[in-house]
Amino acid sequence: MAERKYDWAAIAQNPKFVELHHKKQAFLFGWWIFSSVYYFLLPIGAAYAPGLFKVKMIGVINFGYVFALSQFFVSWGLALYYAHVANKDFDRLTKELIDELHL
Amino acid sequence: MTFKKLIIAASLTLTVAAAAFAEEPKAAVPAPGSAPVAAAPATPGAPVVAAPGAAMPTPAAAPAPVEKKKVTLKANRVITLSMFAVIIGITMSVVVWAAKQTKSAADFYAAGGGITGTQNGWAIAGDYMSAASFLGISGLISLYGYDGFMYSVGWLVAYITVLLIVAEPCRNAGKYTLGDILSFRTDPKPVRAFAAISTVAVSTFYLTAQMVGAGKLMALLVGVPYKTAIIGVGILMVGYVVFGGMTATTWVQIIKAGLLMSGAFLLSFLVLLKCNFNIFAFFQTIVDSPDIQDHVSKLVLKDGVTLNGADAGQRFLEPGLFLKNPLDQISLGMALVLGTAGMPHILMRFFTVPTAQAARKSVIIAMFIIGGFYVLTTLLGFGAAINLTPQGIISVDPGGNMATLILAQTMGAEIAPIFGDIFLAFLCSVAFATILAVVSGLVLAASAAIAHDIYVNVIKDGHADQHEQVMAARITSLVVGVVGIMIGLMAEKANVAHLVALAFAVASSGNLPVVVLSLFWRKFNTAGVISGLLVGTIASIGLVMVSPNMTYPKTVAAGAKKVVAALEKKQAALPPGATLSEKDTKALAKAKVDEQLTGTSMMGLEKPLFTLKNPGIISIPLGFFAAILGALMFPSKRAEEMFDEVYVRQNTGLGMAKAIDH
């Protein structure tokens, strides 16, 4: 298979690519930082705010348990949200860019 | 072709040989208590697992509350071994089928890119969840409640990093290995060599822990001797990888994940059935259980706290019974969140799917499987605490690793005794499949690094035809597998508890910084990759070597002294004529021997220099710092110019998979 030669620098300057790059970077690193902060609140909170973790919420189920369980739902929610944005926005921009280049 | 026939004949021979090994009739009595699942990721930060006798109050030592039922674990050998045979049979037919399809290097390392997103999602889950996730975490929950659950969270959150940062760029910019990603715009030979060394190091640490754990687990479950178990598992592992390459490994992992999830669902269903699917009543039962209350009272008494009754029961749902050093938890969390994304065997899975979209889908599916499994694990762990009592679980294994299995036997037997045997046998075979799936993935990753990076690209300058590449891959896998078996055989008595932590530390401090910087930083270059890999890896290993993970004879002696004092006091308090229980007498004899221990750790230290078990909090920043500093000190114009290409490729997938033909 002969590989098609691309002018990478030119593609990198293409406004469509610049838009894709900015949107992606903001989304990926922003949400990555959010999820990390949310995660580290768990061990930090368990160690330094035990009083809060003991607060009973429903019957004997306490805040600590609900918070730990919420980590799962936050991770899943973020994963689905990312899939939604990537399928809708990032993939569309990528496709538009590739169509433009092949024209 | 005769070669192909040979392969098939050989794999069949291996099946028979493995079956023979597995069924070698030797009535080794399972030694309860002496065999923690050392492979457990549950072990980083798990002093109990490393030193069971000293850390745990034995149930006998407790003035036992009403001894309701005797907790035992006895697998029915006939049923268990038949189920093993079925698993071996199915996976071996997969191997024969996969071997026919494995013709090129791309077939061997990446299943020809022909795995779908959904399949890959299941395979990632199968690759990732070791026997430790399966047995260790539910065991922790059954003994320490909340802390076990909290511990499991990081293993899922880790996939956010994989999803957002590495999966799609790696699919777009890589080919078969970590070396492919890192060598793109750098000087390929040294970079590939270092990447291969780091891959082999991470995989070996992880593999050793898995092999030793596998041997001990199999010895405990079906009573085969440790060495037989290692050789049996090793032969199967080599068979899968050498003949079936990535295709067979993937399917073994998919089958395992399916079995694991079925087992977890079925057992959770039985646990919930007992409380009529009322989750609030379930938690109320935990708090009200006199056995759990008694267990917690004893745990907190060691910290000088007195708790009784419902307060003690409630304490089981609060943090701090097991994970006592917050800094260590944060450090472990960092290693998980960044290390998973730097694990070569996980990265490699993304090369098996055709597109970035499929890679994305596969991570999301894996996240639902893995997360769902850990949520079910809570039910299993708490269910074990309620139905078996922590005291009963400890009497079988002080680390709690057998909790899930005993639970399966007990819950099944409540329906019908034979069902208990069948269910236990099923979960034993899940554990068996789990071990096979994880070790195969590791062997494949290590062999790919040696064969593809070092042999094909460094030694042969990339000039090797497909046939030679596949042969090199097969021979390397055979060698890696045999070395893995040998290490497993030699490490039977070794302290391997720290090796999983070490693997994650190296992956997070060595691999992850250089992968991220290669993908996202224009100024990154050869010097950066090498200094990052070197410093991150050496810092992790160095810190673990001087950490509390190592054995310090004087610390052991000090612990033993306390045990001797406590037991002698107990003996003195006994009414005249009475003697200590057999268990206590044994513990006393052992403690009296340990008391005499003296000397230093492997590194010649009397006590740890670094007080955390997980080095991530220091080694990860060091790895990043070294990588950045190295790149800035030796700038490379070519690497900077090529950044546009890397960046466009990883974002768009243009020129994919031909990435290294530049």
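**Close-up 1. Helices α11 and α21 of chain B.** In this predicted model, the axes of helix α11 (residues 226–274) of chain B and helix α21 (residues 466–490) of chain B come within 9 Å and cross at roughly 165°; axes here are lines fitted to C-alpha atoms, for helices over the stretch in contact, with angles running from 0 to 180 degrees between N-to-C directions. That angle makes α11(B) roughly antiparallel to α21(B), where under 35 degrees counts as roughly parallel, over 145 as roughly antiparallel, 65 to 115 as roughly perpendicular and the rest as oblique. The crossing of α11(B) and α21(B) is right-handed, a term for a near helix turned clockwise from the far one by less than a right angle, the anticlockwise case being left-handed. On the α11(B) side, the residues that meet α21(B) include K227(B), I230(B), G234(B) and V242(B), and their partners in α21(B) include R474(B), G481(B), I485(B) and L489(B), contact being counted when C-beta atoms, placed from the backbone, lie within 7 Å. By class, the residues of this contact divide into ten nonpolar, five polar and two charged (Ala, Val, Leu, Ile, Met, Phe, Trp, Tyr, Cys and Pro count as nonpolar, Asp, Glu, Lys and Arg as charged, and the others, Gly among them, as polar).

Residues are numbered from 1 along each chain as its sequence is written, and chains are lettered from A and ligands numbered from 1 in the order in which they are written. Because the model is predicted, local features need pLDDT of at least 70 and side-chain atom pairs count only at pLDDT 80 or more, whereas totals for chains, interfaces and linings use all residues.

**Close-up 2. Helix α21 of chain B and its cover.** The 25 residues of α21(B) should span 36 Å at 1.5 Å a residue, and the end C-alpha atoms are 36 Å apart, which agrees; the expected span is 1.5 Å times one less than the number of residues. Among the buried residues of α21(B) are Q469(B), A473(B), T476(B), V480(B) and G488(B), a residue being buried if 20 or more other C-beta atoms lie within 10 Å of its own, exposed if 12 or fewer, and partly exposed in between. The cover over these buried residues includes α5 (105–110), α10 (188–222), α11 and α20 (417–459) of chain B.

**Close-up 3. I450 of chain B.** I450(B) lies in helix α20 of chain B and is buried, with 22 other C-beta atoms within 10 Å. Leaving aside residues up to four places away in sequence, I450(B) touches A196(B), V200(B), Y455(B), T476(B) and V480(B). I450(B) and R192(B) are 258 residues apart in sequence, yet 9.6 Å apart in space, C-alpha to C-alpha.

**Close-up 4. Helices α11 and α19 of chain B.** α11(B) packs with helix α19 (residues 403–415) of chain B at an angle of about 60°, with the axes 10 Å apart, and the two helices are therefore oblique to each other. The crossing of α11(B) and α19(B) is left-handed. L267(B), L270(B) and V271(B) of α11(B) make the contact with L407(B), A408(B) and M411(B) of α19(B), and these residues divide into six nonpolar, no polar and no charged.

**Close-up 5. The contact of chain B with chain A.** The contact takes 43 residues from chain B and 46 residues from chain A. α8(B) gives the most to the chain B side, with twelve residues.

Technical notes: Helices (H or I, at least four residues) and strands (E, at least two) are DSSP runs, numbered from the N terminus. Two residues are in contact if their C-beta atoms, placed from the backbone, lie within 7 Å.
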